[in-house]
Amino acid sequence: MPSVTAKTIKAGVIGWPVEHSLSPRLHGFWLDKYGIDGVYLPLPVAPPNIEDAIRALPKLGFVGANVTVPHKEAAFKTVDTLSDTAKAIGAVNTIVCDEDGELYGDNTDAFGFIENIRAGAPGWRPSDAAAVVLGAGGAARAVIAALLDAGVPEIRLANRTKARADELLAHFGHGLTVADWDERNAAMNGAGLLVNTTTLGMTGKPPLDVDLSGLSVAAVVNDIVYAPLETHLLADATARGLTAVDGLGMLLHQARPGFEAWFGVRPDVDAALRAHVLSGTGSS
Ligand code: ATR
């Protein structure tokens, strides 16, 4: 790594814990690739310190930071101004400090999600058919915001704890219907997109138990889980001739707007980046 000086542009990722975050690996690759005098650091911040730490960013000369679990809602409450997407999702994952030390909060997870689908399934047309979203956590919020923005006519949401799905229905207000978790297979009838935002299928968790036979023959199946890269869900989709889109691209694409805002270059997502980031996951 080139030596760090007072002029080196500083950014990082705030989380707790943060050591498993792939963001330093990802931004580090781009900093090298584009020859930028910058650093991107893991910033472990315990929950009681989150507001102070975010407020300190511009005082320490940081141009901004990503925010990850469990701090995205606290970041939403702490920043000075919010993007429309951050408002729609209710969480901030990207902070940009301006010259006056004001903090701008954005959420690029929705952008990352939709860019990943567009790259992995170029034939997908949002307005053609309903989408099914499984899960109702923070990731589901970003996915729903992106799908509404893209013009999907109907989003069918199913979550084990139905009350959380009902909360999302109340939050977004239109374009959504809620199905019982036990009715998730029936909810797929004729749908053109299925997105798993639950943790099922992740290494160490049970697989997601679904029957894909009701989906449209042209459907796209996306798992936001990326460890393993090919989940049972995606293998099943591929075996049925559906288009399977893995979850790593969402992580890679969500990082692009922050990198551009902080370091002044709009970075590319390509095979070399994927391979570099994957080598840090133990996945293949
Ligand atoms: P995130 O904010 O990253 O999306 P989260 O809030 O922990 O993460 O959400 C995890 C999702 O996986 C939730 O929708 C959760 O369902 P509940 O709301 O009922 O907890 C879902 N999930 C986790 N384990 C599950 C299981 N065994 N069966 C069904 N859904 C599960």
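Which side chains does a polar contact of 2.8 Å join? In this predicted model, the two partners are the side chains of Asp-246 and Arg-274. The following paragraphs begin with the division of the chain, pass through its sheets, and then return to this pair.

An assignment of domains divides the protein chain into domain 1, made of residues 9–107 and 249–278, and domain 2, made of residues 110–246. Between the C-alpha centres of the two domains the distance is 26 Å. Contact between them involves 16 residues of domain 1 and 16 residues of domain 2. About 1300 Å² of area is buried between domain 1 and domain 2, and carbon and sulfur atoms give 65% of this area. Three residues deserve attention here: Ile-89, Met-250 and His-253 supply 44% of the area that domain 1 buries against domain 2, more than any other three residues.

Six strands form an open sheet in the order 2-1-3-5-6-4, and their pairing is mixed. Strand 2 (38–44) and strand 4 (81–82) are at the edges; each has a single partner strand, so one side of each lacks a neighbour in the sheet. Strand 1, residues 9–15, pairs with strand 2 in the parallel sense over seven bridges. One example of this pairing is Ile-9, whose bridge partner in strand 2 is Gly-38. Helix 1, residues 23–33, packs on the sheet and touches strand 1, strand 2 and strand 3 (62–67); the direction of helix 1 makes about 175° with that of strand 2. Helix 10, residues 256–263, lies across strand 1, strand 2, strand 3 and strand 5 (94–97), and runs at about 10° to strand 5.

Strands of a sheet pair through backbone hydrogen bonds, and the pairing may be parallel or antiparallel. Strand 10 (residues 193–196) and strand 11 run parallel and are joined by four bridges. Strand 11 also pairs with strand 12 in the parallel sense, over three bridges. Val-221 illustrates both pairings: this residue is the bridge partner of Leu-194, and Val-221 also stands opposite Ala-244 in strand 12.

In a regular strand, side chains alternate between the two faces of the sheet. Accordingly, one may look at the directions taken along strand 11. Val-220 and Asn-222 point one way from strand 11, whereas Val-221 and Asp-223 point the other way, and all are buried. Asn-222 has a relative accessibility of 1% and therefore counts as buried. The side chain of Asn-222 reaches the backbone oxygen of Val-245 at 2.9 Å. Beyond its neighbours within four places in sequence, Asn-222 is in contact with several residues, including Phe-113, Leu-194, Val-245 and Asp-246.

Leu-229 belongs to the loop between strand 11 (220–223) and helix 8 (232–239). With a relative accessible area of 11%, Leu-229 is buried. Leu-229 and Thr-281 are 52 residues apart in sequence, and their C-alpha atoms are 9.5 Å apart in space.

Is Asp-246 buried or exposed? Asp-246 has a relative accessible area of 17%, which is under 20%, and therefore Asp-246 is buried. Leaving aside neighbours within four places in sequence, Asp-246 is in contact with Asn-116, Asn-222, Asp-223, Leu-229, Leu-234 and Arg-274.

Methods:
Residues are numbered from 1 along each chain as its sequence is written. This is a predicted model: local features need pLDDT of at least 70, side-chain atom pairs count only at pLDDT 80 or more; totals for chains, interfaces and linings use all residues. Side-chain values use heavy atoms; hydrogens and water are left out. Buried means under 20% relative accessible area, exposed over 50%, partly exposed in between (1.4 Å probe, protein chains only). A polar contact is a pair of N or O atoms within 3.5 Å; within protein, one must be able to donate a hydrogen and the other to accept it, and residues adjacent in sequence count only if both atoms are side-chain atoms. Contact means heavy atoms within 4.5 Å. Two strands pair if DSSP finds at least two bridges between them. Helices (H or I, at least four residues) and strands (E, at least two) are DSSP runs, numbered from the N terminus. Axes are lines fitted to C-alpha atoms, for helices over the stretch in contact, and angles run from 0 to 180 degrees between N-to-C directions. Domain bounds come from an automatic or database domain assignment. Buried area is the accessible area (1.4 Å probe) that two parts lose on being put together, summed over both.
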